[in-house]
Amino acid sequence: MKKIILLFFLLAVLIDQGYSQATLAITADDSKLTISRHIYGQFAEHLGHCIYGGFWVDPNLPVAKQDRIRLDIVEALKKIKIPNLRWPGGCFADEYHWRDGIGVASQRPKMVNTNWGGVTEDNSFGTHEFLELCGLLKCEPYITGNVGSGTVDEMSKWVEYLNFDGESPTTSLRKTNGHPAPFKVNFWGVGNESWGCGGNMTAEFYSDQFRRYASFAKDYPGAPLKKIATGPSDGDYHWMETCMKNIGTRMWGISLHNYTIPTGSWSKKGSATSFSDDEYFKTLKNCLRMEEFVTKHSAIMDKYDAAKKVALVVDEWGIWTDPEPGTNPGFLYQQNSLRDALIAATTLNIFNNHCDRVKMANLAQTVNVLQALILTDKEKMLLTPTYHVFDLYKVHQDAKYLHIQLNSPDFESNGDKIPAINVSASIDSNKVIHISLVNLDAHKNISIRTGLKGLNWKTVTGQILNSEKITDINTFQNPDKLKLASFTGAKKAGDDLLAELPAHSVVVLTLK
Ligand code: AHR
């Protein structure tokens, strides 16, 4: 009796001190599903200072460059192994005419970037420069063609220019522009947000347009296209149903766009750096809706494609806040806090756990725009907390998915609740197990006991991303306030794995 009272007393003390308990079971998955590396893709649009003043800089800027490509950015992105880069948009893609971006730079026509601040686009960064960048990054290009304001012939000729290895007027032009060999681009977007900035089409009209544009975007020898249809936004299930019915397996993939808006309101989204605990909670609740969207869209896809041939490509995701005060609102420049890192880690866990259908995703956007990995200020550059999550999670790329069953305590706020913990796990080709754990609770540390069935391991090490406050950010004055640290809060206890997850932290464990 005395022992039971003592146990209750200890439990009460732990709860009072803000401790909570989760349990997790990890099992080898018979389906042998792979977490595609392309889930870790990035997005670079002609928007604000993502391309111009980001990747592609003034020739006089005192930084290491190849042509005008900034090499410190290239090195940072190579370190986290970005697998693909989506370009040129976004909304910009549906007003982009590729022929304006080839040939002698000084002779390229200028245009107005109507979507993003009405600035003049000088087209100095075009097809060859983008593919040079992808070559430096050692990542695959993902090009989005213009359906909204471009012709079928224009898209068809762009593909020929990129991928045909024979004689034609179009390939002669490519050779004149200094590239005799075809580029062999595979990932091909057929428009962007065709329900909105890409042409305000209906699902029925767009799905017919897809069939027409895709017919003339040819598969040349050695360069088959993976055609990706414009998919729905958020919970537009009618769009998904219509595309699956009318296009089906003619497409390699279909996109999904979903942004986490802190307040849920597009007109006043909320600050990137100054937010209350309550707004933090609501933002995470909004972020977790990705689980609902992926699940429901996948269920529709299953009806038409039980073999799961068509990929769900979440090619725009991330937190979208109000722009940083004092910056051009059309440039979508925002700071990046620990909250954003928790959003990235949680969303990537969702994608990993849906890797049977989610085969590709692209965070919006790589440099200086929305939930950026990298921010620059002239020659200065910093890595955001979100960058560090991609660094931590790169171990999941092309690893085998492990099945998880999680029992999480709630994170409660003002009478509402969400699961405090989220997890994903994989095993790589060297039989090393990686578990990524996120504790969203703003105040409580959570201990987690994990049983691993059918998996051998002896040692555990880990890395953590955390900071004192959820509003903490890296600045140009203090660029390393948030960085990865080694994690010593995990141990083997018999066959189980025990870990103490600090409040608002991301931990990745390595089991060997
Ligand atoms: O990423 C910013 C914009 O968001 C993209 O251009 C567009 O596709 C989406 O609405």
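Predicted model: local features only at pLDDT ≥ 70, side-chain atom pairs only at ≥ 80, totals over all residues.
Then I turned to the interface. I found 43 residues of domain 1 in contact with 40 residues of domain 2. Together the two domains bury about 3,300 Å², with 69% of that on carbon and sulfur atoms.

How many salt bridges cross the interface of domain 1 and domain 2? The rule finds one. I also noted a salt bridge of lysine 285 with aspartate 416, whose closest N and O atoms are 2.9 Å apart. For polar contacts across the interface, I have 17 residue pairs.

Which element gives the most to the side of domain 1 that touches domain 2? I found strand 19, with six residues.

My next stop was the largest nonpolar core, with 147 residues. Among the members that touch the most others are Phe55, Trp188, Trp317 and Tyr393. Helix 10 (residues 338-353) supplies the largest share of this core, nine residues. Where does the core sit? Both domain 1 and domain 2 give residues to this core, so it lies between them.

Leaving aside neighbours within four places in sequence, its contacts include Tyr40, Ala345, Leu348, Ser436 and Val508.

Last entry: there is a second, separate core of six residues, including Tyr142, Phe187, Ile228 and Met360.

Methods: Residues numbered from 1 in each chain as written. Heavy atoms only, no water. Core = buried A, V, L, I, M, F, W, Y, C linked by side-chain atoms within 4.5 Å. Buried < 20%, exposed > 50% of the residue type's maximum accessible area, 1.4 Å probe, protein only. Helix = DSSP H or I, 4+ residues; strand = E, 2+ residues; numbered from the N terminus. Domains from an automatic or database assignment. Contact = heavy atoms within 4.5 Å. Buried area = accessible area lost by both parts, 1.4 Å probe. Salt bridge = Lys/Arg side-chain N within 4 Å of Asp/Glu carboxyl O. Polar contact = N/O pair within 3.5 Å; in protein donor to acceptor, adjacent residues only side chain to side chain.
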